[in-house]
Amino acid sequence: MKIDGTHYRSIWLGDDQKTVKIIEQRLLPHELKVVELKSREDAAVAIKDMWVRGAPLIGATAAYGMALAMANDPSDQNLDASWEILNETRPTAINLRWALDRAKAHLSAIAPAERAAAAYKLAAEICDEDVEINRAIGQNGLKLIEEIAAKKAPGETINILTHCNAGWLATVDWGTATSPIYHAVEKGLKVHVWVDETRPRNQGAQLTSWEMASHGVPHTLIVDNAGGHLMQHGQVDLVIVGTDRTTAQGDVCNKIGTYLKALAAKDNNVPFYVALPSPTIDWTVNDGVKEIPIEERDGREVTHVYGKLENGERDWVQISPDATPGGNPAFDVTPARLITGLITERGVCAASSEGLKSLFPEQE
Ligand SMILES: CSC[C@@H](O)[C@@H](O)C(=O)COP(=O)(O)O
């Protein structure tokens with residue numbers, strides 16, 4: 001997507017065709033800084049410390065992490081070790097393991113001398129596929145927005161609520177939850193987005209708001225607890241969120257607080273959709289609540305907030321007593337029964353094993 005008129009992806013190769021470039025997302029929206037990843041260790045730190053984040057981008061960065069590792073040492077031993085080290089960075093987004101498994105299976109069948117080139121090629125393919133998948137999600141989700149628009153008076157605004165950042169910054173391009181929104185805006189539909197701030201790390205406030213502002217999409221930043229109230233007053237037509245892992249029966253694991261939005265949507269008859277690329281489906285898992293590992297992050301992210309001070313400097317600010325510990329489960333699971341539908345690159349389906357298998361019959 002565009003920043004000040006220039007098209008960017010969230011990850012790309014430098015001119016030397018070896019160095020990996022990313023946007024340092026912890027600094028947004030106050031600073032746009034591109035940083036270079038030159039080693040597997042750089043890639044692992046970038047994922048773990050959330051310089052990059054969002055399930056598809058975590059997968060793409062891990063794929064490039066394998067390429068950086070193979071450029072350094074293409075041995076079988078390093079292939080295994082790199083899979084382990086990168087796989088340990090974050091536990092919830094299944095795209096991480098999906099990309100690592102794909103890289104390992106591909107590279108282990110190739111002679112060590114050819115592995116670095118093959119790993120870079122594969123990482124580029126994973127990125128290109130992600131862009132195409134998200135473009136297709138946008139076109140499929142656009143139909144839902146058009147259906148809502150058709151029921152409204154001409155020119156009436158369509159209000160869409162989203163949680164966290166499932167935008168282009170969370171993917172290689174387009175985003176998942178935001179792709180239908182960008183497509184709707186391109187088509188001239190009058191859309192307004194309610195952006196959940198998404199405590200504790202504020203991906204909504206810092207990233208989704210920045211994306212919306214950069215693309216001229218009308219939006220309003222709201223506190224996480226405002227969504228239910230807005231739904232009760234008819235101010236939300238549709239919820240679209242992303243997912244870090246979708247189970248074979250259609251449960252969805254996404255940023256903490258997504259479940260509460262789904263409950264409020266159900267109580268108010270507001271359609272609740274999840275946009276997902278197929279690499280986010282974990283076909284080995286059924287019951288998301290019981291089976292998906294939930295990342296527990298540092299309590300300091302809860303007791304402190306990061307932002308720009310009035311003097312323009314950026315810093316962390318403590319908001320709770322010194323003696324109060326922070327608890328920080330980073331994701332929750334929304335059971336399939338609360339989800340109106342899943343928007344995938346192959347179409348929209350029910351959040352159920354039948355629904356998913358109707359679009360992905362090869363998984364039978
Ligand atoms: C298309 S991204 C989908 C999800 O990864 C996104 O909604 C989300 O929860 C991101 O969490 P994060 O902790 O910022 O990696």
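Predicted model: local features only at pLDDT ≥ 70, side-chain atom pairs only at ≥ 80, totals over all residues.

Trainee: OK, and is the peptide bond from Arg 199 to Pro 200 cis or trans?

Mentor: The bond between Arg 199 and Pro 200 is cis, with an omega near 10 degrees. Another cis peptide bond joins Leu 28 and Pro 29, where omega is about 5 degrees, and Pro 29 belongs to the loop between S4 and S5. As background, most peptide bonds are trans.

Trainee: What about phi, which non-glycine residue has a positive value of about 75 degrees?

Mentor: That is Trp 174, which is not a glycine and yet has a positive phi of about 75 degrees; Trp 174 is located in the loop between strand S6 (158–162) and helix H6 (179–186). Asp 4 also has a positive phi, of about 50 degrees, although it is not a glycine, and Asp 4 lies in the loop between S1 and strand S2 (6–7).

Trainee: And Trp 174, buried or exposed?

Mentor: Trp 174 is buried, because 24 other C-beta atoms lie within 10 Å and 20 or more are enough for that label. Asp 4, on the other hand, is exposed, with 7 other C-beta atoms within 10 Å.

Trainee: Switching topic, how is the protein chain divided into domains?

Mentor: There is domain 1, covering 2–129, and domain 2, covering 138–363, and their centres, taken over C-alpha atoms, are separated by 24 Å. The contact between them draws on 25 residues from domain 1 and 28 residues from domain 2.

Trainee: Which elements give two or more residues to the domain 1 side of that contact?

Mentor: On the side of domain 1 that touches domain 2, those elements are strand S1 (2–3), H2 and helix H4 (94–108); the largest share, 5 residues, comes from H2. By class, that side of domain 1 has 14 nonpolar, 7 polar and 4 charged residues.

Trainee: Now the ligand, how many residues surround it?

Mentor: The ligand is surrounded by 17 residues, and the closest are Arg 53, Ala 55, Ala 170, Gly 242 and Lys 255. Helix H2 (55–72) and strand S11 (252–255) are the elements that give two or more residues to this shell, and the shell residues divide into 7 nonpolar, 7 polar and 3 charged.

Trainee: Where does the ligand lie relative to the two domains, and why?

Mentor: The ligand lies between domain 1 (2–129) and domain 2 (138–363), because both of them give residues to the shell around it.

Trainee: S11 came up there, so which sheet is S11 part of?

Mentor: S11 is in an open sheet of 4 strands with the order S13-S10-S11-S16 and mixed pairing; the edge strands, each pairing on one side only, are strand S13 (281–282) and strand S16 (331–334). S11 and S16 run antiparallel and are joined by 4 bridges, and Asn 254 has Asp 332 in S16 as its bridge partner.

Trainee: Which helix packs on that sheet?

Mentor: Helix H9 (residues 258–267) packs there, touching S11 and S16, and its direction makes about 30 degrees with that of S16. Ala 262 is a residue of helix H9, and Ala 262 is buried, with 26 other C-beta atoms within 10 Å. Leaving out residues up to four places away in sequence, Ala 262 touches Phe 272, Thr 334, Leu 338 and Ile 339.

Trainee: Last one, what is Arg 40 in contact with?

Mentor: Setting aside its neighbours within four places in sequence, Arg 40 is in contact with Gly 65, Leu 68, Ala 69, Ser 82, Ile 85 and Leu 86. Arg 40 is placed in helix H1 (residues 40–48), and Arg 40 is buried, having 24 other C-beta atoms within 10 Å.

Key: Residues numbered from 1 in each chain as written. Near = placed C-beta within 6 Å. Nonpolar A, V, L, I, M, F, W, Y, C, P; charged D, E, K, R; others polar. Domains from an automatic or database assignment. Pairing = 2+ DSSP bridges. Contact = placed C-beta atoms within 7 Å. Axes fitted to C-alpha atoms, helices over the stretch in contact; angles between N-to-C directions. Buried ≥ 20, exposed ≤ 12 C-beta atoms within 10 Å, placed from the backbone.
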